[in-house]
Amino acid sequence: MLPMSAQTGDRNAPVGQDQHIALCVNDVFWPPAFTVIRSICLTATHREKLRFHLVVAGIPPMLVEDLRTLKQEFGVFIEVINVDEHDRFAELVETLPTTKRFPPIIYARIFLAELLSKDIERVLYLDADTLVLSPLDPLFSMPLGNMAAAAVTDPQAMRVANGRDVRNNRDLFDPSQPYFNSGVLLIDLPAWRALDIAGKISTLSTKGVLSRLYFDQDLLNLLLRGHWLELDRLWNVTHPHDAHQILNPHILHFTGSDKPWRLLSKAGYARLYRHVMTNDMFYRYWRQRALVSILGDWAHRLTARHSDS
């Protein structure tokens with residue numbers, strides 16, 4: 001079933017309700033998430049409406065101080081939800097595939113309906129490697145009808161969903177059918193709850209489907225089939241280059257391997273990204289990642305030495 005198209009309307013559309021935005025990160029991706037939050041605040045026309053929900057696995061170092069900085073600069077509300085304190089979350093994700101690169105926290109977006117307050121009706125989920133360049137007002141004023149979500153189709157859908165030579169999992173993902181990128185996801189929470197996501201995941205697990213999926217994005221495309229609207233591509237411009245400036249994109253999504261928080265990044269918009277992150281956070285993050293890399297290399301060498309002896 002093809003998704004319906006959602007009209008985004010005027011980027012300065014009036015907004016009457018609070019704008020709830022969720023990010024889900026571990027300690028490694030807190031600085032990029034900080035950047036996403038700051039980019040939203042800098043471009044917002046209704047900052048008093050912003051309500052951030054930061055879903056974390058553990059409390060990242062410096063989190064409290066960084067949140068204080070954001071609140072002092074913009075006066076925004078930020079709720080911190082630690083999934084380590086939610087036994088239900090651990091229960092829900094225990095059957096889902098994970099790796100070091102794709103830890104359990106990536107699935108938190110799927111369970112926002114359980115993690116967030118029941119009086120919240122709409123939330124915008126954003127990956128930590130995004131950057132917002134326009135007010136989000138149109139996303140919070142557009143009608144979703146009875147659909148559970150709205151998203152942008154993934155330009156790399158056939159490669160991501162069907163793999164080498166576009167021959168994998170075609171019984172699950174027909175290349176002729178739309179497949180969305182899950183890094184920007186507008187969610188209608190009551191409609192989402194009505195889908196019985198946990199029940200659907202249990203069924204997929206029983207059928208042996210979960211082990212065939214590319215983690216959360218494949219899973220979401222299965223769960224939401226026939227229940228999502230297609231957003232304009234400018235709301236999720238993947239692998240951005242400086243040439244994209246002519247399009248005046250709303251949200252950038254740094255899906256490439258060259259992330260803009262790297263010291264010598266060649267990614268598009270890298271200079272802008274550093275200033276939105278702030279130079280203090282940028283270099284602090286760079287030092288943190290460099291130290292982790294050095295310690296990891298040292299531990300690897302030590303382990304190899306002991307195994308040879």
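Analyst: Contact here means heavy atoms within 4.5 Å. The model is predicted, so local features need pLDDT of at least 70 and side-chain atom pairs count only at pLDDT 80 or more, while totals for chains, interfaces and linings use all residues. Residues are numbered from 1 along each chain as its sequence is written, and side-chain values use heavy atoms, without hydrogens and water.

User: What makes helix α9 largely enclosed by the rest of the structure?

Analyst: Buried means under 20% relative accessible area, exposed over 50% and partly exposed in between, with a 1.4 Å probe and protein chains only. In α9 (residues 215–223), 9 of the 9 residues are buried, so the helix is largely enclosed. Its buried residues, including Phe-215 and Leu-223, pack against α6 (157–162), β8 (180–188), α7 (189–193) and α8 (197–206).

User: Why are α8 and α9 called roughly perpendicular?

Analyst: Angles under 35 degrees count as roughly parallel, over 145 as roughly antiparallel, 65 to 115 as roughly perpendicular and the rest as oblique. The two helices, α8 and α9, pack at about 110 degrees, with axes 11 Å apart, and are therefore roughly perpendicular.

User: Which residues of α8 and α9 meet?

Analyst: Ile-197, Lys-200, Ile-201 and Leu-204 in α8 meet Leu-219, Leu-222 and Leu-223 in α9.

User: How do you know that β10 and β11 pair?

Analyst: Pairing requires that DSSP finds at least two bridges between two strands. Strands β10 and β11 (residues 251–253) have 2 bridges, in the parallel sense, and Thr-238 stands opposite His-253 in β11.

Notes:
Helix = DSSP H or I, 4+ residues; strand = E, 2+ residues; numbered from the N terminus. Axes fitted to C-alpha atoms, helices over the stretch in contact; angles between N-to-C directions.
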